[in-house]
Amino acid sequence: MLQNITLAASIILFFGSALAGLSSRDNRPAHSVQDPWKAPAWADTLKSPHHEEPLTLAQGEELFTLYCASCHGDEGYGDGAAGGALGQKPANFHDTLVKSQTDGALFWKLSTGRGNMPPFKDVFEDEQKWQLVAYIRHLGKKE
């Protein structure tokens, strides 16, 4: 049953993300590979109230599996099946460009989205976004 729910959620996110990436307010194409995605400076001041501990990681992993793995891949290499179909490769959480960002910047990006990356500000509570940030950090440490 959970597998069916996960598949349905992945399909909905895939098509919703694809449609969001096709439309932009000024009819320009979605962000290109050359256009770096930078969080505003104030986002760097945001600090997570959650540490990398077993419960936080387990909750982050559950959210990641349901909402993120279809694009970012099970291990966070940006190699998920849905992500590959979107034209622009999703973030690889093992990449130094991602690992060098602050937790606040990742939290902001999860909240606001861009192009094919949907905004999760109204989907997740702040606590859940911080759990995802902790899990993304954990994935980035695996080799």
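Which residues does Thr56 touch, not counting residues up to four places away in sequence? In this predicted model, Thr56 touches His50, His51, Gln131 and Ala134. Thr56 belongs to helix α2 and, at 2% relative accessibility, counts as buried.

## Helix α2 against helix α7

Thr56 is one of the residues through which α2 meets α7. Helix α2 spans residues 54-67, and its axis lies 8 Å from that of α7, at an angle of about 95°. That angle makes α2 roughly perpendicular to α7. On the α2 side, the contact is made by Thr56, Leu57, Gln59, Gly60, Glu61, Leu63 and Phe64. On the α7 side, Gln128, Gln131, Leu132, Ala134, Tyr135, His138 and Leu139 take part. By residue class, the contact of α2 with α7 divides into seven nonpolar, six polar and one charged.

## Helix α6 against helix α7

Helix α7 also packs with α6, and here the two axes come within 9 Å and cross at roughly 120°. The helices α6 and α7 are therefore oblique to each other. The crossing of α6 past α7 is right-handed. From α6, the contact draws on Asp103, Gly104, Leu106, Phe107, Leu110 and Ser111. From α7, it draws on Asp126, Lys129, Trp130, Leu132, Val133, Ile136 and Arg137. The residues of this contact divide into seven nonpolar, two polar and four charged. Leu132 of α7 takes part in the contact with α6 and also in the contact with α2.

Helix α6 is mostly covered, with eight of its 10 residues buried. The buried residues are Gly104, Ala105, Leu106, Phe107, Trp108, Lys109, Leu110 and Ser111. They pack against α7 and against α5, which covers residues 96-99.

## The chain after helix α6

Just after α6, Gly113 takes a positive phi of about 65°. Arg114 is found in the loop that runs between α6 (103-112) and α7 (126-141). Is Arg114 buried or exposed? With a relative accessible area of 17%, Arg114 is buried, since the limit for that class is under 20%. The C-alpha atom of Arg114 is separated by 8.3 Å from that of Trp37, although these residues stand 77 apart along the chain.

## Salt bridges

How many salt bridges does the model contain? The count comes to four.

| Pair | N to O distance | Relative accessibility of each residue |
|---|---|---|
| Lys142 and Glu75 | 3.7 Å | Lys142 34%, Glu75 38% |
| Arg137 and Asp103 | 2.7 Å | Arg137 18%, Asp103 29% |
| Lys129 and Asp126 | 3.2 Å | Lys129 3%, Asp126 45% |

The side chains of Lys142 and Glu75 meet in a salt bridge. Lys142 lies in the segment after α7 and Glu75 in the loop between α3 (69-72) and α4 (81-84), so this pair ties together parts that are 67 residues apart in sequence. Lys142 counts as partly exposed, and Glu75 is likewise partly exposed.

A salt bridge also joins the side chains of Arg137 and Asp103. This pair links distant parts of the chain, with Arg137 in helix α7 and Asp103 in helix α6, 34 residues apart. Arg137 counts as buried, whereas Asp103 is partly exposed. Both residues also belong to the contact between α6 and α7.

Another salt bridge is formed by the side chains of Lys129 and Asp126. Being three residues apart in helix α7, Lys129 and Asp126 are separated by about one helical turn. Lys129 counts as buried, whereas Asp126 is partly exposed. Lys129 and Asp126 are among the α7 residues that contact α6.

Notes
Residues numbered from 1 in each chain as written. Predicted model: local features only at pLDDT ≥ 70, side-chain atom pairs only at ≥ 80, totals over all residues. Heavy atoms only, no water. Helix = DSSP H or I, 4+ residues; strand = E, 2+ residues; numbered from the N terminus. Buried < 20%, exposed > 50% of the residue type's maximum accessible area, 1.4 Å probe, protein only. Axes fitted to C-alpha atoms, helices over the stretch in contact; angles between N-to-C directions. Parallel < 35°, antiparallel > 145°, perpendicular 65-115°, else oblique. Left-handed = near helix turned anticlockwise from the far one by under 90°. Contact = heavy atoms within 4.5 Å. Nonpolar A, V, L, I, M, F, W, Y, C, P; charged D, E, K, R; others polar.
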